[in-house]
Amino acid sequence: MTKNQRLIKWVEEVVAQCQPDAIHWCDGSSQEYDQLCRTMVETGTFIRLNPQKRPNSFYCRSDPADVARVEQYTFICSAKQGDAGPSNNWADPREMKEKLTPLFAGAMRGRTLYVIPYSMGPIGSPIARIGVELSDSPYVVVNMHMMTRVGTKVLEALGPDGDFVKGMHSVGVPLDDSAADVPWPCNAAHKFICHFPETREIWSFGSGYGGNALLGKKCHALRIASVQARDEGWLAEHMLILKLTSPQNAVKYIAAAFPSACGKTNLAMMEPALAGWKVETIGDDIAWMKFGPDGRLYAINPEAGFFGVAPGTSFKSNPNAMKTITQGALFTNCALTPDGDIWWEDMSSPPPDHLTDWTRRPWNPRSRRKAAHPNARFTVPARQCPVIAPEWEDPKGVPISAILFGGRRAGIVPLVNEALSWRHGVFLGSTMASETTSAATGKVGALRRDPMAMLPFCGYNMGDYFAHWIKLGENHPEPSKLPRIFFVNWFRKNPDGRFLWPGYGENSRVLKWIFQRCALPVADTTLARQTAIGYLPTLHALDRTDLPVDDQLMAELLSIDVGGWLAEIPSIREHYAKFEDRLPQGLTKELESLEHRLKSNA
Ligand code: SAT
Ligand code: MN
């Protein structure tokens, strides 16, 4: 399959170590995909969904203890602890390899080792990168087929001397002669998701789920790629990319960072409520961005599919996602209907009378538990999305006009706010906080700082990461070509706990304002007023045609809670203090200026 000696030698080493029964080099063909799905139906890992209801689609339930990313077992194993920084778990690379080597020894006995050559980004794009994942999980192969570009064409692009990221993955359950397999093998006692940024390696053990096991996604495209991006002067970010077209057919591309399960997929596929405006999708989770020769920042979506949160997805919240998954999709940890289709919370109302829930138990609307796991997922190729932008695979990427940061914040943070400058935008991103979701194991709903939505995904010291962001802006020869930076919050609530803003398609009203702002100088005051926290829309600047939001509510959505902001300052200071001398001074200055502006306004 390949003449790449580095790859051949590494596969031999891993085979000797993990002792699989068989080796399968993935060619990426649809026959391979179909064969693996058939085999998983036979072994009980997959259920084929009713072909009349959902053609070519499969249903899968994980082990109940293997449902999300495991941040507590995720490590950045850089040579120096200071290079992993305070926001990552760190382990010495040699010690971690010594600890994991016995776990990987014989770990694939009784299983097939799949060699999965993949490209993150369109093959041949100057921004794309190649990785190879060695995994003993056919579930991983099927997902990687949809989420990345896999197979022979990648090996051709790699060539005999090409470089690649090495990812080794085992579910950690060897099958000895007598042992029968289970539908979802995983290792309850040992889970490790380890990154070796200096040698561009990933070792993942014990979990078969999503971001723990599909190594092209968070492990490669964010944690390893963020280190490469720092070294080479570009950005690897946890951002969706959308194309926004105005009624006059003017186009702008927007990238937006929100933490996992905060609505990136919904925004990327939105049906605008505003007549004449169009949103098309480039990506829903990750953006790789490089400055082009013209000085603009160009983004590609390194992925080829969507691994979206299922619960909450409906024809109301995201009709285009619903249309994307009508066929050829994989559903993990959703509920199963008696007629062989899938269901999850809020997909339809009222819920079906009878279901089999994700834990394989009978369920009815009176059951006091959720039918689908809150982090249940669909996997589907991006090309099936009815609003995928025609240029979504353009190898040169799309020029970004605006970068949005946002999270789930019940209080304080207004609907939309434009940064005063690039550095102030970096400040806003670096102080981002959001309520935790079920995309990672642990408490849900706790407010935590999640800078640029990269807290679980930055492969190096976040202080250095902030400095990298600031430097990219400050070194730019033509600052007017930099994307403008905005902060948004769809989740502000009133004192009774109700959302103030209707969200979803109505967010197009905010996108329209952002679009208009990008065409005006930052200091322009026709649509915005300068405040202590940034440029906010004036009361009538947001298009409210046919929207039952009166002036009073609008004012509340755009209000600046000076007391609330002042109360945030010590918590930001505490957050910054963790980065010690790695925190760029520019951010300390931004914090001081914010405090000064708030106090002189108050
Ligand atoms: O990391 S996953 O791919 O499982 C999903 C997410 O957290 O964004
Ligand atoms: Mn994500």
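Some conventions to begin with. Residues count from 1 along each chain as its sequence is written, while chains are lettered from A and ligands numbered from 1 in the order in which they are written. Because the model is predicted, local features need pLDDT of at least 70 and side-chain atom pairs count only at pLDDT 80 or more, whereas totals for chains, interfaces and linings use all residues; side-chain values use heavy atoms, with hydrogens and water left out.

I start with the metal. The manganese ion, ligand 2, is coordinated by Lys218 through NZ, His238 through NE2 and Asp285 through OD, at 2.0 to 2.2 Å. Donors here are N, O and S atoms within 2.8 Å of the metal, or 3.2 Å for Na, K and Ca; water is not among the atoms, so sites may look incomplete. The spacing of the donor residues in sequence is K-x19-H-x46-D. Lys218 lies in helix α7, residues 216–232, and His238 in the loop between β12 (235–237) and β13 (239–245), so the pair ties together parts that are 20 residues apart in sequence. Helices (H or I, at least four residues) and strands (E, at least two) are DSSP runs, numbered from the N terminus.

Buried means under 20% relative accessible area, exposed over 50%, and partly exposed in between, with a 1.4 Å probe and protein chains only.

Lys218 also belongs to the shell of ligand 1, together with Arg69, Gly210, Gly211, Lys217, Ser260, Phe307, Arg377 and Ala439. A residue is in that shell if one of its heavy atoms lies within 4 Å of the ligand. The shell divides into 2 nonpolar, 3 polar and 4 charged residues. In that scheme Ala, Val, Leu, Ile, Met, Phe, Trp, Tyr, Cys and Pro are nonpolar, Asp, Glu, Lys and Arg charged, and the others, Gly among them, polar. Helices α6 (210–213) and α7 each supply at least two of the shell residues.

Oxygen atoms of ligand 1 lie 2.8 Å from a side-chain N or O of Arg69, 3.0 Å from one of Lys218 and 2.9 Å from a polar side-chain atom of Ser260. Taken alone, ligand 1 exposes 260 Å², and the protein buries 98% of that; areas come from the Shrake-Rupley method with a 1.4 Å probe, and for residues only the protein chains shown count as cover.

Next, the cysteines. How many disulfides does the structure hold? The count is 0, a disulfide being a pair of cysteine sulfur atoms within 2.5 Å. For Cys26 the closest cysteine sulfur, in Cys37, is 12 Å away, too far for a bond. For Cys219 the closest is in Cys194, at 9.5 Å, again too far. Cys26 is buried at 0%, and Cys219 is buried at 0%.

Last, the backbone. Most residues other than glycine have a negative phi, and most peptide bonds are trans. The bond from Ser349 to Pro350 is cis, with omega near -5°, and Pro350 sits in the loop between β21 (342–343) and β22 (355–356). Asn249 has a positive phi near 70° and is exposed at 63%. Ile412 has a positive phi of about 65°, but is buried at 15%.

Key. Polar contact = N/O pair within 3.5 Å; in protein donor to acceptor, adjacent residues only side chain to side chain.
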